[in-house]
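The following note sets out comments on the model for the attention of colleagues. The points begin with confidence and then turn to architecture and contacts.

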Amino acid sequence: MNRFLEVVRRDLRLALRQGSDSVMVVTFFVLTVVLFPFGIGPEANVLERVSAGVLMVTALLASMLSLDRLFQADYEDGSLELLVLTPAPLGMVVAAKMLAHWLTTGLPLMVAAPVLAVLLHMHEDGFLTLLAAMALGTPVLSLVGGIGAALVLGARRGGVLLSLLILPLYVPVLIFGVGAIDAAVQGMSAKPHLLILSAMLAAALVLAPWASAAALRQALE
Amino acid sequence: MVRAMSDSTFSAKNLACVRGGRVVFAGLGFSLATGGALVLLGPNGSGKSSLLRVLAGLLKPAHGLLAWDGQPVAEDPEAHAARTHYLGHHDAVKPVLSVAENLRFWAHLHDPHAERAGRAVDAALSRFGLARLASIPGKMLSAGQKRRTNLARLLAAPSPLWLLDEPTTALDKASIKVLEDVLAEHRAAGGMVVLSTHADIHMPGAAELHLDRFSVAEEFDEPAALAGGSEVAR
């Protein structure tokens, strides 16, 4: 457990000192969402109709922006070899890195989302559900994205390859995230959607660190 | 050194390594006892780095067995990681963390006992002449200083087995002398060292392993070469 926290602390410190990643992700999120009213016109009812989808899709793209750095920097400077060789299960080290990634990208996205929801005239009944869907969905993005990041390690143009690999896997999160918000806005219960999102998170929590660890070992061979 | 290490042996039997479809070496074996040292020699591409990666557990050998005290290493990779320090081509120094922070992270990861690790980090820094640089961020360091930071990792958390891939790269003469002293103390305390080098490094009583003797002629097909064991030669 100490080692887990040590890795989280180190990655947070690195992200904080380098600064650019978190800021870039949130800026991308805000700018892209702000583009939509320009693109589809300022009519409140149109914006309200698409708000849930726009927010979820954009958040998903934004969280992917920083994914290729998740292991790449450590891979390039040799830290990854040493992380693999620490006397702790590699899955635990990987989970710590994913948690740090979520704290520096998913969490800021979650904080920014309600503000942008106001901008898109989302019905206020959807706000809480939006937060809940983001809270359950963004960790899945970091976890599943981590598998992709580990798989494309060392590949040229890994960033593009990563998008091709990972975007299809994000579809369920998108469907149930948007479904939850739409249900809430229409006065129905969002609970089933949120429960399925929770199930995805639970599955990803168990499987993703293990799968990425296997991919990382492969990358270092 | 920090503590005396108990009697152990680290041995390899009939190791073979295949990289990119080519047999790099085959039929390689050695045995290392407490306080022992092994110097890997051979031209570029003869498999020194590959062998060290195999010994560290980063690479799976295509054939053969690695054992610690008779127990196969592959059965418990975490225990092997706990007793091993691997030093590769890259220095693993984060540009935005200070020298002390870099070192402390690796020390804590290796030895979760925070206070003991903290003291060992300070000692390791001064040993390699880095005490003055402790608060300097990694990006300001020269190649030699980065290498020394990486070497200080060996002392910051104790481990009996050191696997060093050309540790003298970028080091000046004075630092090589320090490294030689550190290696001698490590061995005196019961540690083991396997290192590859092209430079002259003074290691009294170290065994030498010439990797070109274990290379396999190209015309051998792979299974035959692997089965051939130690008799395979050019």
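1. Confidence in chain B. This is a predicted model, and chain B averages a pLDDT of 85, with 89% of the residues scoring at least 70. Within chain B, confidence is highest in β7(B), at 94, and lowest in helix α7 (residues 222-228), at a mean of 51. Over residues 228-234 of chain B the pLDDT falls below 50, and beyond near neighbours in sequence this stretch has 12 contacts in the model. For the complex, the predictor gives an ipTM of 0.85 and a pTM of 0.88.

2. Overall composition of chain B. Chain B contains seven helices and nine strands. Of its 234 residues, 46% count as buried. Among the contacts in chain B with a separation of 6 or more, 74% are accounted for by residues 24 or more positions apart.

3. Domain division. Chain B is divided into domain 1, made of 1-83 + 161-234, and domain 2, made of 90-158. Between them, 13 residues of domain 1 of chain B are in contact with 11 residues of domain 2 of chain B. On the domain 1 side, helix α6 (residues 173-188) of chain B gives the most, with four residues. The residues of that side of domain 1 divide into nine nonpolar, two polar and two charged.

4. The open sheet. Four strands of chain B form an open sheet in the order β2-β1-β4-β5, with antiparallel pairing. β2 (22-33) and β5 (71-72) of chain B stand at the edges; each has a single partner strand, so one side of each is left without a neighbour in the sheet. Strand β1 (residues 9-19) of chain B is joined to β4(B) by five bridges, and the two run antiparallel. In this pairing, B:Lys13 has B:Leu65 of β4(B) as its bridge partner.

5. The β4-β5 hairpin. Strand β4 (residues 63-68) of chain B is joined to β5(B) by two bridges, again in antiparallel fashion. B:Ala67 has B:Pro72 in β5(B) as its bridge partner. The two strands form a hairpin with two residues between them, and B:Asp69 in the turn has a positive phi of about 55 degrees.

6. Strand β6 and its partner. Four bridges join β6(B) to strand β7 (residues 161-165) of chain B, and these strands run parallel. B:Leu87 stands opposite B:Leu164 in β7(B). Both faces of β6(B) are covered: B:His85 and B:Leu87 on one side, and B:Thr84 and B:Tyr86 on the other, are all buried.

7. The position of B:Thr84. This residue is found in strand β6 (residues 84-87) of chain B. Is B:Thr84 buried or exposed? B:Thr84 has 23 other C-beta atoms within 10 Å, and 20 or more is the threshold for burial, so B:Thr84 counts as buried. Not counting residues up to four places away in sequence, B:Thr84 touches B:Ala56, B:Ser159, B:Leu161 and B:Leu163, and also A:Leu85 of the other chain. By contrast, B:Ser50 lies 34 residues from B:Thr84 in sequence and 16 Å from B:Thr84 in space, C-alpha to C-alpha.

8. Which elements of chain B give two or more residues to the side that touches chain A? The contact as a whole takes 23 residues from chain B and 21 residues from chain A. On the chain B side, the elements in question are α2 (77-82), β6 and α3 (99-110). Of these, α3(B) gives the most, with five residues. The residues of chain B on this side divide into 14 nonpolar, six polar and three charged.

9. The nonpolar core. The largest nonpolar core has 142 residues, and those with the most contacts inside it are A:Leu55, A:Ala113, A:Leu216, B:Leu103, B:Ala156 and B:Leu163. Helix α6 (residues 90-119) of chain A provides the largest share of this core, 15 residues. The core also draws at least three residues from each of domain 1 and domain 2 of chain B. Leaving aside neighbours within four places in sequence, A:Leu55 is in contact with A:Val33, A:Ala113, A:Leu116, A:Ala117 and A:Leu130. B:Leu163, listed among the residues with the most contacts inside the core, is also one of the residues that B:Thr84 touches.

Conventions. Residues numbered from 1 in each chain as written. Chains lettered and ligands numbered in written order. Predicted model: local features only at pLDDT ≥ 70, side-chain atom pairs only at ≥ 80, totals over all residues. Buried ≥ 20, exposed ≤ 12 C-beta atoms within 10 Å, placed from the backbone. Contact = placed C-beta atoms within 7 Å. Domains from an automatic or database assignment. Nonpolar A, V, L, I, M, F, W, Y, C, P; charged D, E, K, R; others polar. Pairing = 2+ DSSP bridges. pLDDT = per-residue confidence, 0-100. Core = buried A, V, L, I, M, F, W, Y, C linked by C-beta atoms within 7 Å.
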